[in-house]
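Welcome, and please take a moment to look over the model displayed here.

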Amino acid sequence: MNYRLMWRKAVNGVMLGLTGVCALLAVSVLFFILGYLVWHGGKALNWDFFTKLPKPVGEEGGGMANAIVGSAKLLLLASLIGVPIGFFGGVYLAEFGGRTFAFLVRYTTDLLNGVPSIVIGIFAYSIVVLPFKHFSTLAGGVALGIMMIPITLRSTENFLLLVPRSLHEAAMALGASKWKTIATVVIPAAYRGVLTAILLALARVAGESAPLLFTAFSNRFWSRGWDQPTASLPVMIFTYAIAPYEDWHRQAWAAGLVLLGLVLLTNLAARLVMSRGMSARRS
Amino acid sequence: MATVPIAVERAGPGWGPRTLLRRLRSGDEIAHLATLCFAASVILITTWLVYVLWVNSALPRHKFGLHFFLTSVWDPIFDQFGALPFIYGTLVTSAVALLLAVPAGLGAAIFLAELAPQRISDALTFVIDLLAAVPSVIYGLLGIFTVVPLLRKYVQPFLHSTLGFLPFFQGPHYGVGFLAAGVLLAVMVMPFIISVSREVLLAVPVDQREAALALGATRWEATWKVIVPYARIGILGSVFLALARALGETMAVTMVIGNNPRISASLFAPGYTIAAIIANEFTEATGDLYLQALIELGLVLFLLTFILNGLARLLILLTTQRGTAQE
């Protein structure tokens, strides 16, 4: 009996220890990625990276200024598509949604969220690139915008639902109509949450390269317009990493560091906005 | 507890003695319609997406039919397209990923939900959420320059010498291939398994554990024999979610899979996945049949993830609702 108890206690200790090891392993991956990128990317990162165009093959140096601007343009386009649809769709679900239709919207949104990014790329290719007959910044923006919709929409809905019911009732009791209540009471109360949602959605699509491969394509020079192909950081990392040149690998690390830095900082900022909002509500 | 809000909610859209005219004048109906349009556009876009995939893959669907999924010749020059090697590669890499990620992810989730003190659990969950935000191309970058050399120099020779009698661990050590892609995918999907499983485990009613502990179970026994079985459907849901992610993952896999459309039993061999071939060949596809064959592969990928995601949501919904209902 005693042996059995000892055995059970030993199993208890070992297995619980193992779960701790698993958690530690998962967490250490992030620090490994960060450390490795800072180590390799830091060495390659310099001022030229942010200000110069890529050099022709064989010449050392150059930078990715066009890719940084390209990524910014793509994100701007993506927000123009993703934020309004996501935000107002979220308002609909939280405030007006009926039963069947709201369920349908929710389900479709989750479905869209799960569509592989490369398939979204095919979609954007078919509806924008094919009619215009060439790759364009616009097509890339459309692809990223579609990817932003589900994240923005569902989080907006959730944050609006968090607003206490009593606020609605107070506003309506004062005679405000429903949309006035939403616009002047509910949305201002939830704006931090909505901002967080938009930032998180931006951070997610900023790192996407699969849908850009055959929509925004790539460009070794400045993109001359919204209807022209453009370089973007994630696609540049991909091209440079699989290329056989040492100098390109160096730059891929630098670009990786910049991209990861931006994505993680946006995530941190989003969570900071959120936690501030939470503590303000509690006090 | 909250009877008043419920009463207001029940009153629903047609509340009060207001007529349609009054509501239109006060802007309610306009706001309703406007937001409805935005919400409906989501359904529109998704339907459009399915339609585009379906219509633009008509040529190969008519020419090859079901044969498309059963042949393994991919020869654009002679217009022969078979999807089997890509489907195989996608399934094998995802299976390897799940084999590695599910035990580790579940372990970590148990630690976070059951053992770690609140503060530590929150901090670690935060880090894991950040991990989920790392772009896929960054994983690919690290894959090419660290995982692949490590596998080639140390892991593959080791597996070869110890488990080399199995067909999975034979052949030359290239580094790139199914194993490399599987390992990267495992790291990428683990955050999803951890965060969803953690939530599912936290939704298990406390009295379940208390009852087990009161009967004299050790902490591990209470967790493994009571709480995990209680939450198993939700955990299965998290695995499906992870599988759907792994199937559709493109960049990291494309960078380490080796891009070789062949079916081989060995995990050391280079292969190809559906997402990777679309990424690599879409821009250089000449001719309608070639392009549409790639789009049909996209359609296959879409359907696979569609089914898995649907199942996953259903399973997670089932457990979290049951958990909260009994609290």
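Two residues are in contact if their C-beta atoms, placed from the backbone, lie within 7 Å. By that rule, six residues of domain 1 of chain A are in contact with seven residues of domain 2 of chain A. On the side of domain 1 of chain A that touches domain 2 of chain A, there are three nonpolar, three polar and no charged residues. In this classification Ala, Val, Leu, Ile, Met, Phe, Trp, Tyr, Cys and Pro count as nonpolar, Asp, Glu, Lys and Arg as charged, and the others, Gly among them, as polar. Domain 1 of chain A covers 2–44 and domain 2 covers 49–282, with bounds that come from an automatic or database domain assignment. Taken over C-alpha atoms, the centres of these two domains of chain A are 33 Å apart.

This is a predicted model, in which local features need pLDDT of at least 70, side-chain atom pairs count only at pLDDT 80 or more, and totals for chains, interfaces and linings use all residues. Residues are numbered from 1 along each chain as its sequence is written, while chains are lettered from A and ligands numbered from 1 in the order in which they are written.

## Confidence

The predictor assigns the complex an ipTM of 0.89 and a pTM of 0.88. For chain B, the average pLDDT (the predictor's confidence in each residue, from 0 to 100) is 86, and 90% of the residues score at least 70. Residues 1–12 of chain B have a pLDDT below 50, and this stretch has two contacts beyond near neighbours in sequence. Residues 323–327 of chain B also stay under 50, and for them the model has six contacts beyond four places in sequence. Where pLDDT is low, the predicted coordinates should not be read in detail.

## Where the chains meet

Helices here are DSSP runs (H or I, at least four residues), numbered from the N terminus.

One helix pair spans the two chains: helix H9 (residues 233–242) of chain A packs with helix H7 (residues 136–163) of chain B at about 15°, their axes 10 Å apart. Axes are lines fitted to C-alpha atoms, for helices over the stretch in contact, and angles run from 0 to 180 degrees between N-to-C directions. H9(A) is therefore roughly parallel to H7(B), a label for angles under 35 degrees, while those over 145 count as roughly antiparallel, 65 to 115 as roughly perpendicular and the rest as oblique. The crossing of H9(A) past H7(B) is left-handed; that is, the near helix is turned anticlockwise from the far one by less than a right angle, whereas clockwise gives right-handed. Pro234(A), Ile237(A), Phe238(A) and Ala241(A) meet Val137(B), Gly140(B), Leu141(B) and Ile144(B). This contact of H9(A) with H7(B) has seven nonpolar, one polar and no charged residues.

## Helix pairs within a chain

In chain B, the axes of helix H8 (residues 178–202) and helix H11 (residues 232–248) come within 9 Å and cross at roughly 155°, so H8(B) is roughly antiparallel to H11(B). H8(B) passes H11(B) in a right-handed crossing. Residues making the contact include Leu185(B) and Phe192(B) of H8(B) and Ile235(B) and Arg245(B) of H11(B). By class, the contact of H8(B) with H11(B) has eleven nonpolar, four polar and one charged residues.
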